[in-house]
Amino acid sequence: MHNHKQTLGEFIIEKQKEFKYSSGELSKLINAIRLAGKVVNHEVKKAGLVDIFGSSGETNIQGEDQQKLDIFAHNKFIQALSNREIVCGIASEEEDDFIVINSNDKNHQNKYIVLIDPLDGSSNIDVNVSVGTIFSIYRRKSPVGSPVVLEDFLQPGRNQVAAGYIIYGTSTMMVYTTGHGVNGFTLNPAIGTYYLSHPNMKFPEDGHIYSINEGNYIHFPQGVKDYIKYCQAEFEDRPYTSRYIGSLVADFHRNMIKGGIYIYPEYSKAKTGKLRLLYECNPMAFLAEQADGKASDGRKPILDIQPESLHQRVPFFCGSKNMVDKAEEFMR
Ligand code: AHG
Ligand code: MN
Ligand code: MN
């Protein structure tokens, strides 16, 4: 029986043809992320064994410098991305300012910028729950050969060239889009290879799961309170199921497979929401739209927002199309 499963490496090479201006650079970039993701995966999976997630600056039992796992992940991705002649700038949730690459070399041709949340859901590591890495890729706006500027990073999500996440879960998966649908690859840890396990992923149009930190209910805007009551009402296919992990990556991943909505609204303690537009909401919104889902700030599409600062936060409503439509209806 023929049952060859395509590897991520093979898939990347095959898909390179789909790009108009393909020079293979984006493929190399995705490859760099794939590799850094394996290193971080290895570290995440032994977190419980070596107590590596202690506070920064302390020493672990091997006598090495102990790092918080999100700093470890940040460093690994920065390393992997700046070693290639592709990326001209990186911004990370873990660093206040963006990083300029190759600023001394006037001949460099690097045209891509990358934004990352190196470890999403990091508070879940101590309790052995799924975490992830989120990435977002753009073409620079400023001229090639010059140092990148803030405006290169403050592009609306609509301009993304690629985006995705790695989920360090019961299995490790890499899920990404280059604007031609969403594909998911599962890591075979024995041989370190990702295989195409979830081709052409789609959000079911309707879903039955709502994911929100309901502990903050009292502080939510009235529209969100009303939508939660709608989810809980007994009528037709309701009440819906409530599922909230507290790792955006894991909540999004489950909802994309099963059908559902993720909400992190603005509320009295976080006036513009909690999630970051550039590192979390934009890449997830690109994936959602590519998977026939929807992402909004409660009023308008996330991908149409003109960012104003690197660490800007926005309210986030994301998931199955009909559910997000309904939530927006309540927000009006
Ligand atoms: P990070 O670990 O990168 O700071 O992100 C955590 C985010 C997101 O992953 C998650 O959905 C949300 O924070 C959970 O927030 P609450 O604990 O306020 O519900
Ligand atoms: Mn995060
Ligand atoms: Mn993070």
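Predicted model: local features only at pLDDT ≥ 70, side-chain atom pairs only at ≥ 80, totals over all residues.
Residues are numbered from 1 along each chain as its sequence is written, and chains are lettered from A and ligands numbered from 1 in the order in which they are written. Local features need pLDDT of at least 70, side-chain atom pairs count only at pLDDT 80 or more, totals for chains, interfaces and linings use all residues, and side-chain values use heavy atoms, with hydrogens and water left out.

We can start at the metal. Glu-93 (OE), Asp-117 (OD) and Leu-119 (O) coordinate the manganese ion (ligand 3) at 2.2 to 2.3 Å; donors are N, O and S atoms within 2.8 Å of the metal (3.2 Å for Na, K and Ca), and sites may look incomplete because water is not among the atoms. Along the sequence, the donor residues of this manganese ion (ligand 3) follow the spacing E-x23-D-x1-L. Glu-93 lies in the loop between strand S1 (87-92) and strand S2 (99-100), while Leu-119 belongs to strand S3 (residues 112-120), 26 residues apart. Here helices (H or I, at least four residues) and strands (E, at least two) are DSSP runs, numbered from the N terminus. Glu-93 is buried, at a relative accessible area of 16%, and Leu-119 is buried at 1% (buried is under 20% relative accessible area, exposed over 50%, partly exposed in between; 1.4 Å probe, protein chains only). Asp-117 also coordinates the manganese ion (ligand 2), 3.8 Å from the manganese ion (ligand 3).

Now to the strands. Strand S13 (residues 316-319) is covered on both faces, with Phe-316 and Cys-318 buried on one side and Phe-317 and Gly-319 buried on the other. S13 pairs in the antiparallel sense with strand S11 (residues 260-264) over 4 bridges, pairing being at least two DSSP bridges between two strands. Within S13, Gly-319 stands opposite Ile-261. Strand S12 (residues 294-296) is also antiparallel to S13, over 3 bridges, and Ala-295 has Cys-318 as its bridge partner.
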